[in-house]
Amino acid sequence: MARIKGIQDALRDMQRLVEKVNRAKKVAELRVAERMAADARALAPEDKGLLIAGIDTKQTENATSVVSEAGYSAYQEFGTGPLTSIPQGLESYAKEFFVNGEGNTAPQPFFFPAIFKHREELIPEVEKELQKLNK
């Protein structure tokens with residue numbers, strides 16, 4: 001059986017490149033997620049500040065996300081009862097928070113407008129981080 005010289009070095013180099021690409025992706029994801037969270041905080045109704053304080057970014061090995069941890073976030077976002085307003089495409093997600101169709105909270109969207117505003121920025125941000133690898 002023939003042996004290819006330098007295969008271990010090539011594999012090690014490829015693994016290092018994969019790690020750099022993953023780090024670049026995570027940097028870009030967090031950058032965009034922080035913009036989303038900042039805008040969601042700016043759009044959130046202030047009241048006692050609990051809603052604003054619960055908006056944050058989370059990053060694990062496998063995912064980056066923006067969260068709103070106040071238990072009433074969805075009701076603030078979508079409203080309740082006959083005042084409910086659900087953006088197209090979020091119907092099944094919003095149904096997770098349906099209780100009984102009662103209530104009278106008018107929607108004050110803050111979370112998804114921020115997400116929608118910045119979501120198209122992710123790919124360009126990843127590309128920008130990948131360009132840094134070429135330098």
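**First stop: the paired strands**

Begin by selecting residues 55–59 and 64–68: these are strands β1 and β2, which pair in the antiparallel sense over 5 bridges. Please bear in mind throughout that the model is predicted. The two strands form a hairpin, with 4 residues between them. To see the pairing in detail, display Lys-58, which stands opposite Ser-65 in β2.

Next, select Thr-57, which lies in strand β1. Is Thr-57 buried or exposed? Its relative accessibility is 17%, and the cut-off for buried is under 20%, so Thr-57 counts as buried. Leaving aside neighbours within four places in sequence, Thr-57 is in contact with Ser-65 and Val-66, and also with Leu-30, Ala-33, Glu-34 and Ala-37.

**Second stop: helix α1**

Now select residues 7–43, helix α1. The 37 residues of α1 should span 54 Å at 1.5 Å a residue, and the end C-alpha atoms are 54 Å apart, which agrees. Colour the buried residues of α1: Ala-24, Lys-26, Ala-28, Glu-29, Val-32, Ala-33, Met-36, Ala-37 and Ala-40. What do these buried residues pack against? Their partners are β1, β2, α5 (111–118) and α6.

Move on to residues 122–133, helix α6. This helix has 12 residues and reaches 17 Å from its first C-alpha to its last, close to the 16 Å expected. Its buried residues are Glu-125, Val-126 and Glu-129. An α-helix has 3.6 residues a turn, so residues three or four places apart point the same way. Among the elements that cover the buried residues of α6 is α1.

Select Ile-55, Val-66, Phe-78, Phe-110 and Phe-111. Of the 19 residues in the largest nonpolar core, these five touch the most other members. Helices α1, α3 and α5 each supply at least two residues of this core, and the largest share, 5 residues, comes from α1. In soluble globular proteins, nonpolar side chains tend to be buried together.

Then centre the view on Phe-111. Not counting residues up to four places away in sequence, Phe-111 touches Ala-40, Val-66, Val-67, Ser-68 and Glu-77.

**Last stop: the aromatic cluster**

Finally, display Tyr-75, Phe-78, Tyr-93, Phe-97, Phe-110, Phe-111, Phe-112 and Phe-116, which form one aromatic cluster. The count of aromatic pairs comes to 8. Take the pair of Phe-78 and Tyr-93: the ring centres are 6.3 Å apart and the planes stand at 70°, so the pair is edge-to-face. This pair links distant parts of the chain, with Phe-78 in helix α3 (residues 73–78) and Tyr-93 in helix α4 (residues 91–95), 15 residues apart.

Which of these two residues is buried? Phe-78 is buried, at a relative accessible area of 3%, whereas Tyr-93 is partly exposed, at 34%. The ring of Tyr-93 also pairs with that of Phe-97: their centres are 5.2 Å apart and their planes at 70°, so this pair too is edge-to-face. Phe-97 is partly exposed, with a relative accessible area of 26%.

Terms used
Residues are numbered from 1 along each chain as its sequence is written. This is a predicted model: local features need pLDDT of at least 70, side-chain atom pairs count only at pLDDT 80 or more; totals for chains, interfaces and linings use all residues. Side-chain values use heavy atoms; hydrogens and water are left out. The expected span of a helix is 1.5 Å times one less than its number of residues. Buried means under 20% relative accessible area, exposed over 50%, partly exposed in between (1.4 Å probe, protein chains only). Contact means heavy atoms within 4.5 Å. Rings of Phe, Tyr and Trp (its six-membered ring) pair if their centres lie within 6.5 Å; planes under 30 degrees apart count as stacked, over 60 as edge-to-face and the rest as tilted. Two strands pair if DSSP finds at least two bridges between them. A nonpolar core is a set of buried Ala, Val, Leu, Ile, Met, Phe, Trp, Tyr and Cys residues joined through side-chain atoms within 4.5 Å.
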